[in-house]
Amino acid sequence: MGSTLIKGGTVVNADAAVRADVLIRDGVVAALGTGTDDWSADRVIDAEGMLVMPGGIDAHTHLEYPIDGFTTRTADDFHTGTVAAAHGGTTTVLDFVKKEPERSLLDTYRSRRDVAAAKAVVDFGLHAIVPPREQQPDVLDDLRKLAGEGATSWKFFMAYPGTQMVDDGELLEGFELALEHGVLPMVHAENGHMIARETQRLLADGRTAEVFHATAHGHDAEAEAVHRAVVLAESVGAPLYVVHVSSAAAADEISRARAAGARVWGETCPQYLAVAYEDYAELGEKAAAYLCSPPIRERGNQEGLWRSLVTGAMSTVATDHAGFCLHQPEDLPPQKLRSPGYFPKVPNGVPGIEDRLMVLWETGVASGRFDACRFVDLVSTRPAKLFGMFPHKGAVAVGADADLLVWDPAADHVITAAGSHMRTDYNLYEGMRVTGRPVRVFSRGEQLVGPDGSFDGAVGRGRFLTRGKPQLH
């Protein structure tokens, strides 16, 4: 693929930002340094005034993800979703495997890996979702095998009773097995029974409109589940990763646990930081565009989440990208507006895989909440460590994959659905003006995105990542 020299930029890693040139050869960072006039390369890129950062790692995506008993799926597939990711500066995605009916988790995992490999344009890994015991009594055998196939993270649902929720006994059993095999267990932490009870109460009262979804998914249901998951993990000595934390009360549970020495890490998402309940409370049926679980909460809740990011109580920012269209795509059944006025039937999920870095830079770095190094840690370095990809991913370092962003901190950009590469027909951040964006995106030394927005990445060039054990320090 030739060699590339990125000259004159400031290299930003999680621990420091230094002026340095970056030499890329054979898909990896071959050298870092200054005063490098004697370095030769096939191509030289002037990065004066720019930042050079490791590519983003989105540890929580749902591409062509099945819902409704596998009768439909999210709008973006592994091709459109990873193209959008690359345009936004994300060069690695970690997606999920949900066991198919009449098929084992292991077989489903291998099939989904092959589907993704044929389409993805950036590197990818897969988390395994652990089904309830009644769906596959021998699932622990599959989990042992999956640990050896690079699935070193397993997700457990504490929500959705009757379909995906596992009970406390299954959590304990799964956490213990994860500890034995060097796997990081993940939890969707909402108390499913509390939500189901509140949902039935709302429906009985005739409060079925889309906005009541947030009422059904209370702060207490999320905080309780986080507390319980931490206690259960601690009881067997397992580490724990809590996905998509939306409530400041839940973030406080993680903060207290970490302060007491618990090995727990929390993830939040841009939609919880930059969008609020007040933005959709009066939209009627179009509020469906904002529905996800846990929900996008009140604006007053956001400061608690920001505090957890600034103090380090929260460790990563991912998207939980699960894009559905408001209106029906030609090749998929009806999506967000298929049952107007009835929130239980609205598919849960929002888009964001392309916007994550720009939104977090604008609201986190440009606003003065934290610096560029903390930004890199949240969106790249910490996910790489927790999910067994560091030091090949997550750092601009000699020997690391040349997954690199040339980031213009002064670039002005307005986010719109029309200008997006995601397949959804709306954008949560419509009209948001951001300062700072990637102007070049490299994946293993190949430039995928150029300064004019051009894209050059072959379908299926993304590599499956056989991940190692989590680095928890």
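This is a predicted model: local features need pLDDT of at least 70, side-chain atom pairs count only at pLDDT 80 or more; totals for chains, interfaces and linings use all residues.
**Reading burial, helices and cores**

Student: Why does Ile415 count as buried?

Tutor: The relative accessibility of Ile415 is 2%, and buried means under 20%, so Ile415 counts as buried.

Student: Where does Ile415 lie, and which residues is Ile415 in contact with?

Tutor: Ile415 sits in the loop between strand E18 (404–414) and strand E19 (433–443). Leaving aside neighbours within four places in sequence, Ile415 is in contact with Asp355, Val359, Asn427, Tyr429, Glu430, Gly431, Met432 and Val434.

Student: Why is Leu472 called partly exposed?

Tutor: Partly exposed is the class between buried, under 20%, and exposed, over 50%; the relative accessible area of Leu472 is 23%, so Leu472 is partly exposed. Leu472 belongs to the segment after strand E20 (446–449), and its contacts, apart from neighbours within four places in sequence, are Leu184, Pro239, Arg263, Trp265 and Leu386. With one of these, Leu184, the separation is 288 residues in sequence and 9.3 Å in space, C-alpha to C-alpha.

Student: What makes Thr316 a buried residue, and what polar contact does its side chain make?

Tutor: Thr316, in strand E17 (residues 316–317), has a relative accessible area of 1%; the cut-off for buried is under 20%, and therefore Thr316 is buried. Its side chain makes a polar contact with the side chain of Tyr241 at 2.7 Å, and polar contacts are pairs of N or O atoms within 3.5 Å. Tyr241 is also among the residues in contact with Thr316 when neighbours within four places in sequence are set aside, together with Gly266, Glu267, Thr268, Leu378, Arg382, Pro383 and Leu386.

Student: How do you know that the span of helix H5 agrees with its number of residues?

Tutor: Helix H5 (residues 192–204) has 13 residues, which at 1.5 Å a residue should span 18 Å, and its end C-alpha atoms are 18 Å apart, so the two agree. At its N-terminal end, H5 is capped by Asn191, a side-chain oxygen of which lies 3.1 Å from the backbone nitrogen of His193. After H5 comes Gly206, with a positive phi near 80 degrees.

Student: Which residues of H5 are buried, and which are exposed?

Tutor: The buried residues in H5 are Gly192, Ile195, Glu198, Thr199 and Leu202. Seen down the axis of H5, these buried residues fall within an arc of 130 degrees, so they line one face of the helix. His193, Arg197, Gln200 and Ala204 are exposed on the other side of H5, while helix H6 (212–216) and helix H7 (219–236) are included in what covers the buried residues.

Student: What puts the buried residues of helix H2 on the same side?

Tutor: Leu105, Leu106, Thr108, Tyr109, Arg112 and Ala116 are buried in H2. They cover an arc of only 155 degrees around the axis, which puts them on the same side of H2. Their cover includes strand E9 (66–67), helix H1 (78–87), strand E11 (90–97), strand E12 (123–129) and helix H3 (139–147).

Student: How do you know that the span of helix H8 agrees as well, and what do its buried residues pack against?

Tutor: The 12 residues of H8 (residues 248–259) should span 16 Å at 1.5 Å a residue, and the end C-alpha atoms are 16 Å apart, so the span agrees. Ala248, Ala250, Ala251, Glu253, Ile254 and Ala257 are the buried residues of H8, and they pack against H7, strand E15 (240–242), strand E16 (264–268) and helix H10 (302–311). At the start of H8, a side-chain oxygen of Ser247 reaches to within 3.1 Å of the backbone nitrogen of Ala249.

Student: Which residues have the most contacts inside the largest nonpolar core?

Tutor: They are Trp154, Phe175, Val187 and Phe375, in a core of 107 residues. The element that gives the most to this core is H7, with 7 residues. A second, separate core has 20 residues, including Ile129, Met186, Tyr241 and Phe324.

Conventions:
Residues are numbered from 1 along each chain as its sequence is written. Side-chain values use heavy atoms; hydrogens and water are left out. Helices (H or I, at least four residues) and strands (E, at least two) are DSSP runs, numbered from the N terminus. The expected span of a helix is 1.5 Å times one less than its number of residues. Buried means under 20% relative accessible area, exposed over 50%, partly exposed in between (1.4 Å probe, protein chains only). The arc is that of the directions from the helix axis to the C-beta atoms. Contact means heavy atoms within 4.5 Å. A polar contact is a pair of N or O atoms within 3.5 Å; within protein, one must be able to donate a hydrogen and the other to accept it, and residues adjacent in sequence count only if both atoms are side-chain atoms. A nonpolar core is a set of buried Ala, Val, Leu, Ile, Met, Phe, Trp, Tyr and Cys residues joined through side-chain atoms within 4.5 Å.
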